[in-house]
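I want to keep a careful record of what I look up in this structure, entry by entry.

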Amino acid sequence: PGVASYDYRSIGWTGVDEVNVQPGMPHWCEGCDVFVAVYGYHEGHYTVTASTGMATLRSGSSASGTVGANSYRYYTFFNGDPAADVTFELTALTGDPDLYVLAGPTGAASSGEDASLLPTQEHFTWRAYHYGDDSLFIPHTDPHFCFNCEYTVAVYGWKAANYSILATSSVEQVIRLPRNRPQQSSAPAGGARYFRLGVGGSPENVTLAMTVLGSGDADLYVALVDDAEFDPRGALPDPDDPESYSLTTSGAPRDVLVLSGPFEEGQLIIVGVWASVDTDFVLLATMTHHSVVLQAGVPQEHYVQHGSTINFVFNLDEVADLQVSVTALTGDPDVAISTSHTLPGCEFSTSMPPVASCYNYTWLSQAYSTDQVVLSHDLPCVPVLPSTYVDPSCDPADYAPGPVYIGVFGFQDTRFQILASKRGEHVRLVGGRPQLGSTGPGVACTGRDEDTGACPVSDADSPEQVAYFIFRVSRGRASRRRQRRRSLLLASAGGDDHVAFTVHPSCNETLAAMPGAACQPGCDCNRLWLSVRSCASSGCNAADPWPSRLAGAHQALHHVSATSATLYLEPDPLAPDNGYCDPDVAGETCVYYVAVEHGDAERAAEFTITARTAADGTIIPCRGGSAVPPDGVLDVHDDVLVHGSKGYEVCVEADRGESTILEVEQCSGRSTLLVCDGSCAELAPTLDDYAYLATPTQACTPNGRGGKTCVPGDGSVARVAVPASSSSAAAEALYAAVNGTGSYRLRVRSTGHHGQDLAPRVAPVAAASSITPRVALSSDSDVAVEVSFHPSLVALPSATTSVFTAAPEMRYRVYVVRDDAATVRAQTVTATPCGLELLASDGGAAVAVATTHASDPLGSAVATVVVAGLSPRRRYAVHVVAECDTDCLRQVSRTAAPGQSLVSCDASSGCATETYVYPVPGSVTTGDGAGEGGGSGGSGGSGIA
């Protein structure tokens, strides 16, 4: 047989092909020879397996296959070792396959004589039926374990699926690693999984990349050995033996290693994945000149050099909407997509300045920093997102089931995360890694069937737009004691258990505010909902993956504001069904199913979602160019510490020549902000090794002579400003840690216009009129407190001095705190807005809150608010916060003189909320009319202490 002469052929896109010949097909024969030819589309290594009846699995070698919806594919696996644990691992490239296993005498099931030996959904000894990938571990201590016997494996198609299946008969088994194709696996806490890759004689570079799925923690250890001398029972890469490996990602910010070719004849790459906690992961070995296979709904991390293109392929197994997202962790990638050209990409022109010219594409996205393309199966030649360009030659007939080719071009040196998925299907979240998302058409319903996941026919279905996600949390997080430089973690003494989900909508506030404009999903006029369900891995049912905002369809629910929202889930004995699942209590991995949804069934919402545990470091990606908001605020993160440290990797765009500012607003407890800019001994800062340090009372920076210069802080916010001229200019990221206790809000922003701070400020009128600001208090027998204060203005940044502008929409919050709230007050920080918000939420009836606007925003008269309903003869403390939110700042920019300020908050993304906390003058006692003190600028001083 050959390319032009054959009876059957398989020309699959993944590098793995299968021919299944059955009786009744043309050319079927019995008692005959079958001749097979393998044609090299690219040069490569391969294995050939032939079998009659069921396919046989070889220990340590993966097999690929397809299965239809509601259908079975069967395999057999022989185990002859009485002490070997048996593992089956199923990697879903598309769709949703499940595993069902029985054990019996050798050859009995494959003979087909006894159907009872074939596993099914109703008849099995072991099963794994989660959404997407599945893993099944059968220890030799299992009462149904057998040796010198045959395991019969059924792959069932919950949805039609392309997959690879791997069987091993020992954890120490060295697994053959496929090229350019993801391999899902897992490693136990304190243990390892080993892989081998033949590269002998290859001139190409090899990149090894590991993506931890969920919240696990592992490192790569790699050795190059001679195939003829390799003994899998001998020395394998071991973290405790530095001579056993030549490369490792331990101590590195990411799990990616590049091995440069050419390689000597007969060389093998041996990879050890060592885990500190139970860890699920995907390992990928890519060759320089080959397309990388993408796994549906599972992100991969890659690196592309300036001016180069890396190519990917995704199998679209049915007509469906396709979403391709490329999240820039550093740099600026562009995305070209085609269904007819195998290698779409871009290249720089030779002109000056060089221009990126793209080729072999139908769909193109060249947005700064981060790109997302959504292809509609109904109208594939009409862009769904405004950043997508469609080539005029686009033919709707070209968008059909089959391979989709993707090229990612490095406009700069770029580290990125790529994801391809069919809209409406689940996406895996990686702890601390932001993931682009967009909603698609869906249905919200209650009372889903726990066996099928289907909505009840009698239920009133609600059409909506929704996106689904999965986040897996492994056992053993509380046992982490060693410092993890790579993930920016310091030792934690435990008790810091929570899971957090943060959603940042993409909202064009200018369009949303235009008269007559339809409200964009994700803006405050059409907010998103974040809903969560969780379960221990073995206890999940078919309804759990589909949470919604409807009653009974979620365990936790949160309304998302236009800027962002964070949903915290933590242990609560009074509310055990609040959505938090503790894997150490459950004794197995916990699975969180997440939905982001809104009720507009026609229009998609774009957003970024990040999932993390207390042990996960968080990546804050680049947002350069037009993606930088006018005030330079790149990200806002709410976080919490019981004690210990949280780490952050902050993208730096040194070529912009701007400073990066990090600010910590403490809500409760105390903490220290530490930053490394490439000049520290390690990547992550510690209390003994840092470049910058800040608390609310001081800020320390390098003085250029090997020491530090410290200056007083403003008493409310810890602030670090890293100039572009620092050593970070040569690095791709800053590494920050918040060390201490309590909750806080981290804000990351950038300067503009060559070092100018672009953030507007809220300041009292006194800053402009030289009148001393104070809060005036009075009390009477009606048990009310009258609070008077001067209004505040907004200071817009300019090239010379700040421009003070009235803000009619400025909102003032007055907090009146009773003396018996002292315990709660001692735990919160009353000098910050978020601390006062926390005090109000935790203080109950002991804290009264009133909100007002100033009748005269220019400040010629003091503003007054009366807070009633207080307790008689009790002492109260009073706090006032001025707040100008996105709409308030937009109005200020519209009324400011043209060209007066460096920043306009009347832009598409708007400016972040700015606040000012008034100084506290003292306290007041209600109901006795006795007063001490007084003072100018108030409405009397009765009751001032």
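I first note that a residue is called buried when its relative accessible area is under 20%, exposed when it is over 50%, and partly exposed in between, as found with a 1.4 Å probe and with protein chains only. The model is predicted, so local features need a pLDDT of at least 70 and side-chain atom pairs count only at pLDDT 80 or more, while totals for chains, interfaces and linings use all residues. Residues are numbered from 1 along each chain as its sequence is written, and side-chain values use heavy atoms, with hydrogens and water left out.

**Entry on T439**

I looked up T439 and found that it counts as buried, because its relative accessibility is 0%. T439 sits in the loop between β30 and β31 (440-444), where strands are DSSP runs of E with at least two residues, helices are runs of H or I with at least four, and both are numbered from the N terminus. I then asked which side chain T439 joins in a polar contact. The side chain of Q465 is the partner, at 3.0 Å; a polar contact is a pair of N or O atoms within 3.5 Å, and within protein one must be able to donate a hydrogen and the other to accept it, while residues adjacent in sequence count only if both atoms are side-chain atoms. The side chain of T439 also reaches the backbone nitrogen of A605, at 2.8 Å. Leaving aside neighbours within four places in sequence, T439 is in contact (heavy atoms within 4.5 Å) with several residues, among them R423, V466, H598 and F607.

**Entry on a sheet**

I followed β30 into an open sheet of four strands, which has the order β30-β38-β33-β36 and antiparallel pairing; two strands pair if DSSP finds at least two bridges between them. β30 (435-438) and β36 (565-569) stand at the edges with a single partner strand each, so one side of each has no neighbour in the sheet. Strand β33 (residues 499-505) pairs with β36 over five bridges in the antiparallel sense, and F501 stands opposite L567 in β36.

**Entry on salt bridges**

I noted 34 salt bridges in the structure, each being a side-chain nitrogen of Lys or Arg within 4 Å of a carboxyl oxygen of Asp or Glu. The side chains of E425 and K159 form one of them, at 3.7 Å from N to O. E425 lies in the loop between β28 (414-422) and β29 (427-428) and K159 in strand β7 (residues 149-168), so this pair ties together parts that are 266 residues apart in sequence. E425 counts as buried at 12% relative accessibility, whereas K159 is partly exposed at 26%.

K422 forms a salt bridge with D317, and their closest N and O atoms are 2.9 Å apart. Because K422 lies in strand β28 and D317 in the loop between β19 (309-316) and β20 (322-330), the pair ties together parts that are 105 residues apart in sequence. K422 is buried, with a relative accessible area of 4%, and D317 is partly exposed at 26%. E425 also forms a salt bridge with K422, with the closest N and O atoms 3.4 Å apart.

**Entry on the whole protein**
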